[in-house]
Amino acid sequence: MILEPIDTVLSISCEDFNSKYLVPNRPVIIKDLAKKWPAYEKWTFEYIKSKVGGHDVAVYNNEKSDPYTPVNKPDGVMKFGSYLDKIKSDPAGLRIFLFNILSRAPELIQDFLYPEELTGGFLKKYPMLFTGGAGSVTHMHFDMDLSHIFHTQFLGSKRVLLFKPDQRNRLYHLPFTVQSLVNFEKYYNGLDEAHFPALKYLSGYELVLDHGDTLFMPGGYWHHMEYIESGLALSLRAMESITTKMQGIVNLVGMRHIDTLMKKTVPDVWYNYKKRKALINAAQELVEA
């Protein structure tokens, strides 16, 4: 892999953000964006527990999905408060994602701001909370709805890999999914380039998010995340383009349901087909490299 550091700024004007990052679809870390939010100081494990600790939440372990498991099927259910207690005291490889914090505690809308000075199109009904214990992994994927993401880290830190959408074949994209055939877990110890040689030509970004950092991740970017320490993050999603919205709907309604149906009916045949296509597409990248 060829990895480079990501641009990092303390703050940024709307003009610079649009010309340097939004229009060219380039990621950036904005260090001070969230420091004016009440959440910057208030959002501790104890505070979140006091607000939503009694709610049941789906939890996910570090296993990559297999040919038989439906998309986003959880590995268990816990009370949010019990989950937070567990990841505070234990390096548990358990995470929660796409937890709509406002649907459970609408008063938390007072704790953060949508950065509308930078862009419009925010999906204000869907601010999503992500939490993870130390060592938990979000495997390489892209977001199905193709929205732009402002992802702010609270507490702890996590390591992130980012890749442009045009790197999908070098990532061994499994067709009809948002996933990679390759397991990037602990990628810093080396990847299996003998079996996946296109990884040698993969080009992207490597970064670490700390408390208060906001990552702008353009729509369609592939990402892999590993929690260095237990923490939580908030994702605010924005969709400006009608074309992108329509493609996101196609992905959510079409691609997802086709994959789920085939997994239920002919899982092994379907997985082998996707794997074969991923390998063929990657091999073509090697020919063109």
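A nonpolar core is a set of buried Ala, Val, Leu, Ile, Met, Phe, Trp, Tyr and Cys residues joined through side-chain atoms within 4.5 Å, where buried means under 20% relative accessible area, computed with a 1.4 Å probe on protein chains only. The model is predicted: local features need pLDDT of at least 70 and side-chain atom pairs count only at pLDDT 80 or more, while totals for chains, interfaces and linings use all residues. Residues are numbered from 1 along each chain as its sequence is written, and side-chain values use heavy atoms, with hydrogens and water left out.

The largest nonpolar core comprises 43 residues, and Phe17, Trp43, Ile48 and Phe80 have the most contacts inside it. Apart from this core lies another, of 23 residues, which includes Met140 and Tyr187. Contact means heavy atoms within 4.5 Å. Not counting residues up to four places away in sequence, Ile48 touches Trp43, Gly53, Phe80, Leu84, Leu129 and Leu232.

Trp43 is also among the contacts of Asp111, as are Trp37 and Tyr47, when neighbours within four places in sequence are left aside. Asp111 counts as buried because its relative accessibility is 2%. Its side chain joins that of Lys42 in a polar contact of 2.8 Å (a pair of N or O atoms within 3.5 Å, one able to donate a hydrogen and the other to accept it; residues adjacent in sequence count only if both atoms are side-chain atoms).

Strands are DSSP runs of E, at least two residues long, numbered from the N terminus, and two of them pair if DSSP finds at least two bridges between them. Five strands form an open sheet of mixed pairing, in the order β1-β11-β10-β13-β8. Because β1 and β8 stand at the edges with a single partner strand each, one side of each is left without a neighbour in the sheet.

Conventions. Buried means under 20% relative accessible area, exposed over 50%, partly exposed in between (1.4 Å probe, protein chains only). Helices (H or I, at least four residues) and strands (E, at least two) are DSSP runs, numbered from the N terminus.
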